[in-house]
Amino acid sequence: MANVSISNDNFSDFQGGHFHLKAYERNELVVEDPWFELEDCADIDSVYSMCDLNNEENTSNEQVTTNLLEDQKQSISNWMQGYFSTNTDQIKSSIEAPKNDDFQPQVLQLIGNSSNEKSNPFSLASFELLNNYGRLIKKSREENSSIYNALSYEARACNNNKLSTEEILLVAGERYIRYSTQRLDGLSMFIYPYGSALSGLSIEETRDMELVHLLLAAAEEVNNQQFHLARKLISRCVWVASESGSPVQRLSFYFAKALEERIDRSTGKYTCTDEDRHLKYIKTMALGTNSAFLTCHQLLPFSQVMQFAGVQTILDNVRSAKKIHLIDFNIRSGIQWTVLMQALAEKSECPIELLKITAVGSTEKEKFEVTGNTLHSFATSLGLSFSFDIVFLSDMKDFKKESVNIEADETVAVYCNTVLRTMIPKPDCLENLMKGVRSIGPTVIVIGEVEANHNSPSFLNRFIETLFFYGAFFDCFEDCMDRDSPCRRTIEGLYFGEGIRNIVAAEGKERFTRNVKLEVWRAFFARFGMVEEELSESAWYQANLILKQFAQGSCCNIHKDGKGLIIGWKGTPIHSLSIWKFL
C-alpha cells in the first residue's frame, strides 16, 4: 500500500544575496592543552582564538480563572458583534493517500519506524533547513535576496531594529555552514566567523549569534558521536546561556541540556525512566487549568485565535439545532466554551433547548470535575440550559460510541485540540479513537494541532526543526511577557524544556513528542473517509478580529493552507486549524 510519509529532502538551496563579512584575520595560539584554562575565558572569542577545537579526541488558579472569565466576557462581547454582523505554500512533504484498510503500516509512517531510526552522517543538506525554514508563504529568489539585504547588519543598526530570534538563528546557521567547517583528512577544523565583523549588531545579538554557532557545532558532534568534543562545546553553551536571559540564551540553555541528555542516553549514563518523565510531563500540563497556562491563554494570541475560529465554525454548523452536544477530547479549563455559551444564550433566532458538553480523557479526572463546575456556574449566570458529562477511560484506545450518552435528537460536534498528536506513538489508540468518532457520526469535527515536523528520523533535521519552532515561542514570550515573569519561567522550564528534551534526546518508543504537519494529518484522515471543509468567512473574520486585540498581534501571521488555517509567529508556523466531516 502507499504510505503516509514525511520527506525532509525538498528544502531549497541557499539563495543568493548573502551577507558579506568584513575581512577578519586572527593569530592562532598554540597550546598543549587548549581546554585547560577554558573556564577562565572571558568570552566565546577566546574559545576560537585559543585552539582548533576538533583536534581533541573523541496567584491561585481559581482567582486566575475568575479574572479570565471576566476578560473573556469582554472578548466575547466584541466577538458577538462580529458574529451576528458577518455570519457569513508551506514546505512540501511527499505524501500518498492510503489505498486500503491496512492501518498499521500507515501509522508507523506517522510515528517513524523506530527500528530504522539512525543518525545520518553530517551533510550540508541537514542545515539547508536554516535558509527558508517555516515560511508561511514561499518567496522567490529575488524576494529572499531583498529580505537578506534588508536584514543587513548596517541597515538594522541604522534603523534601530532588533533582530528576531528566527533571524538570529538563520544568520548564525548560514554563517556556521559557510565559515565554520572545512573537511580536511577526516577532521573538522573550526574557523571563527565573527570577530569584529558584526559591528552593526548589539552586544547581546552578537553574543546570541556566537551562542547559536556553538550550539550547532555541539549538535553536529553529537550526531557524529564525537561525545568528548560535544561535551566541551555544550559546557561552553551552558556557561554562556541563561534561563533568564535573552530568548536565544534561554533557548540555547534548554537545547544544550537536551544534547547533554542525548549523550548520557548514548553512553549508558541516563538513569531516569521515560515513563516517569512522561507522567510528570502530563501532570505539568495539568490539562491547562493551572495559573501559568491560563495566563498564557490571556497574554498570547495563539490559543484565542484557534478558539474563536473553531467556535465560530461549530456555530456555523449547528445553527438550526435545538439540542447541541459537544464532545471535547482535551477540555482543559473549558474556557473555550464560554464563548459558545454566551453566543447561544444571546441567540434570538431558533433558541436552543439544551447545550451538553462531554469531556473525554484518561488523566486528571478531578480536573474534569472542576471544569464542569465552572462551566455550570457560567451557564447558570447566562440562563442557559446546560449539562456536563465526563467519560473517563483507563486508556483512550477504549473509546467507542457507547462511551458517550448521545440522544437521537442531539446535533453532535467533536472538538480535538492538540490531543491527536499525543497518540501518534500509540497506533492502536489513534486508530480506535478515529473509528469511535466515525461511529458517532458528528455533524462537524474541529481539529487543532501543532504545525511542525518533530518526527524526522534524522537527528539533525529534527534538531533544526525543533530549534526554530521553540525559538518562535521564546521570541513571542520576549515580546509579550516580562523576562522575570513566573508564568514565563514555568512554561519555559517545565513545559518547553521537557518537550525539547524529549524531541532532541530520545529515540524510538521513548520519544513520545512526535508532532506532524497538517498535510500529514490530511492523508491520515482520508483513511477514515473524512473530507476537509472550508473555514467560513465568519471564522476567518473572528481570527483576524482577535489578533487586533493583542498589542503584538501584528507579529502573528494567519495563513490559509488549502482549506485550513495556520497561525504563526513572525513567519514560523505554530498551530493549524482544520474542519472535517465524514462522507
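Let's start with Ile579, which sits in strand E11 (residues 572–582); helices here are DSSP runs of H or I with at least four residues, strands are E runs of at least two, and both are numbered from the N terminus. Keep in mind that this is a predicted model, where local features need pLDDT of at least 70, side-chain atom pairs count only at pLDDT 80 or more, and totals for chains, interfaces and linings use all residues. Residues are numbered from 1 along each chain as its sequence is written, and side-chain values use heavy atoms, with hydrogens and water left out.

Is Ile579 buried or exposed? Its relative accessibility is 1%, so Ile579 counts as buried (buried means under 20% relative accessible area, exposed over 50%, partly exposed in between, with a 1.4 Å probe and protein chains only). Leaving aside neighbours within four places in sequence, Ile579 is in contact with Thr313, Val444, Ile445, Val446, Val531, Glu532, Glu533 and Leu535, contact being heavy atoms within 4.5 Å. Lys563 lies 16 residues from Ile579 in sequence, and their C-alpha atoms are 8.1 Å apart.

Thr313 also leads us to a helix pair, as it is one of the H14 residues that meet H21. Two packed helices are described by the angle between their axes and the distance between the axes. For H14 (residues 302–317) and H21 (residues 537–548), the angle is about 155 degrees and the axes are 8 Å apart; axes are lines fitted to C-alpha atoms, for helices over the stretch in contact, and angles run from 0 to 180 degrees between N-to-C directions. H14 and H21 are therefore roughly antiparallel (under 35 degrees is roughly parallel, over 145 roughly antiparallel, 65 to 115 roughly perpendicular, and the rest oblique).

On the H14 side, Phe308 and Ala309 are among the residues in the contact, and H21 brings residues including Ala543 and Ile546. By class, this contact has 7 nonpolar, 5 polar and 1 charged residues (Ala, Val, Leu, Ile, Met, Phe, Trp, Tyr, Cys and Pro are nonpolar; Asp, Glu, Lys and Arg charged; the others, Gly among them, polar).

Now for H9 (residues 203–223) and H11 (residues 247–266), which pack at about 15 degrees with axes 10 Å apart. That angle makes H9 roughly parallel to H11, and the crossing is left-handed. The contact between H9 and H11 has 11 nonpolar, 2 polar and 2 charged residues.

Methods
Left-handed = near helix turned anticlockwise from the far one by under 90°.
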